[in-house]
Amino acid sequence: MIKQISIFLENEPGRLVKVAKILGNANINIRALTVAETSDFGILRLIVDDPERAYSILKENNIVVVMDDVLGVEVVDKPGGLARIAEILSNQNINIEYVYAFVTNSHEKAFIVLRVDEEERAINVLKENDVRILTSEDVTEI
Amino acid sequence: MYWNKEAETLKRDELEKLQEKRLKSIVNYVYKNSRFYREKFKELNLKISDINSIDGITKLPFTQKSDLRDNYPYGMLSTDMGDIIRVHASSGTTGKPTVVAYTRNDIDMWSEVMARSIVAPGGTKNDVLHVAYGYGLFTGGLGLHYGGERVGCTVIPASGGNTQRQLLLMHDLKSTILACTPSYAIYIAEYAKKEDIDPKEDLNLKIGIFGAEPWSESIRRRIEDALDLKAFDIYGLSEIVGPGVAQECEEQNGAHIWSDHFFPEIIDPETGEQLGEGEEGELVFTTLTKEGMPLLRYRTGDRTVLEYDKCACGRYHPRIMRIRGRTDDMLIIRGVNVFPSQIEHVLMKIPEVGSHYLLIVDKKGPLDILTVRVEVTDKIISDKVKDLMKLEEKIKNSISNALGLNVDVELVEPGEIPRSEGKAVRIRDLRKEKRG
């Protein structure tokens, strides 16, 4: 499991700038991000190299933020990488609520971040299919 | 606890007798001394002898805020300027301020009712009274100040603003009573939390005297939890005297009107007719003992219900059972009449909702729409949009169930809704702004 930072953002110009600057000034590197939005607000989800520090710095700056564990898996950075993971889960009737991905520096591996409805079962079936589940260290060390 | 046991525990018939005597005397007094009222009496063909009982009060003309404005600044006085020792003025949100004037006896009477108001919720001479109401033309600061001195409290005239210093003073000087607007109390609590000050550990507050704006029962609970004190409602308006027209006792069940000085009526705001006990309408006051600027049947614009039954505290002085709002604050949204305080009450019962909110009224085509803007707190943020949308639904449903009103809900970042150190701004009427 890896740490994900989720931030509440109003859907207005300048909101992302503020958060990005806070993290930039603290020398925190963003590995991956995705935004889920409605017409008036969005949730910015981030994978960063130092989630604990990012979380406390954002809090200090009065940003509404939460940190939790999400499922991260490693795939080969080749066509069909995501399809394989999605298929394993769908065969077990496990629903993916959201998913995003990023490549590592070596460009050999890609990391996929998943929020599923049945986390424990998902981990087990992925492991059974020899999919490597990421730990926090994997993300820090990219 | 009583400050003036005799006056505060008068039985209902004793009170009525005193009120009748004082009414006759004030009518006589204004007829003699106020050009304004003398002319009104003549217009209405009214003689002082027509007012021979307390029920005769309905024959008297109303006094409106516009009368004070039209006779700005000193046209409503019943004394020579030489006898006036103080003026206060209310912020003129529309046009000129409203000026009120006090003789030495008026200040004395005000200090007396304020002393009652500090003692009724449990204040004593041993208390340290932190006055965070604004000092100046606004009656809040000096009203509490004089009352506190009369009781013998240690008064800290902190005035409004600079919340950091307020907290420092409250901590170092060991304040036990905090007096300010309820919205500022919330702000202080929020600020304390941010600064890692725990009111339970770091402050000595036991009583809060909060007023100058309508507030709901659920906000009371929040303030009590956040500041670790018991919160009491104080009511007043500068036209009548300032704070201390009415005050909640330890029962926390409606503010007692000090009716030996201020005679209350409830009227139908449309027809002006006096309503019976227990009916909701506009609150009207006749000052029974003022010299400088006595007012007959002054229309406060506040909507409420009065309770005349004896209170468990032993007082018969009628209680204001929560001000619903000002008659002119009432929103009419697609035909539904609603007071902002009613929406506040519903909102503050939802634990995930922060203590600040803003109601925005606008028009979409021919329809009025009400948007409730609330701040997102750490309690509700999650990685899923779904969770926040659920909260929006919850707020919508709660308001719809309680008030039969459909609203839009808008979640914003903390700090986005303006904070107030005086009276809070809770409504933005874009319909008026567009017209204006």
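## Around B:Val245

Leaving aside residues up to four places away in sequence, B:Val245 touches B:Tyr235, B:Gly236, B:Leu237, B:Ile240, B:Ile257, B:Trp258 and B:Phe262. Contact here requires C-beta atoms, placed from the backbone, within 7 Å.

The model is predicted: local features need pLDDT of at least 70, side-chain atom pairs count only at pLDDT 80 or more, and totals for chains, interfaces and linings use all residues. Residues are numbered from 1 along each chain as its sequence is written, while chains are lettered from A and ligands numbered from 1 in the order in which they are written.

## The largest nonpolar core

The largest nonpolar core holds 138 residues. Such a core is a set of buried Ala, Val, Leu, Ile, Met, Phe, Trp, Tyr and Cys residues joined through C-beta atoms within 7 Å. Buried means that 20 or more other C-beta atoms lie within 10 Å of the residue's own.

A:Ile7, B:Leu129, B:Val131, B:Ala179, B:Ala185 and B:Val245 touch the most other members. Helix α5 (residues 104–119) of chain B gives the largest share of this core, seven residues. Helices are DSSP runs (H or I, at least four residues), as are strands (E, at least two), numbered from the N terminus.

## Two packed helices in chain B

Helix α8 (residues 182–194) of chain B and helix α10 (residues 217–227) of chain B cross at roughly 35°, with axes that come within 10 Å. The axes are lines fitted to C-alpha atoms over the stretch in contact, and angles run from 0 to 180 degrees between N-to-C directions.

From α8(B), B:Pro182, B:Ala185, B:Ile186 and B:Ala189 make the contact. From α10(B) come B:Ile219, B:Ile223, B:Ala226 and B:Leu227. The residues of this contact are eight nonpolar, no polar and no charged. Ala, Val, Leu, Ile, Met, Phe, Trp, Tyr, Cys and Pro count as nonpolar, Asp, Glu, Lys and Arg as charged, and the others, Gly among them, as polar.

## Domains of chain A

Chain A is assigned domain 1 (2–67) and domain 2 (70–140). These bounds come from an automatic or database domain assignment. The domain centres, taken over C-alpha atoms, are 22 Å apart.

Ten residues of domain 1 contact eleven residues of domain 2. On the domain 1 side, β1 and β2 (30–37) of chain A each give two or more residues. β2(A) has the largest share, four residues.

## Chain A against chain B

Between the chains, 17 residues of chain A contact 16 residues of chain B. On the chain A side, β1 (2–10), β3 (41–48) and β4 (65–76) give two or more residues each. β1(A) supplies the largest share, four residues. The chain A side divides into seven nonpolar, four polar and six charged residues.

Definitions and conventions: Contact = placed C-beta atoms within 7 Å. Buried ≥ 20, exposed ≤ 12 C-beta atoms within 10 Å, placed from the backbone.
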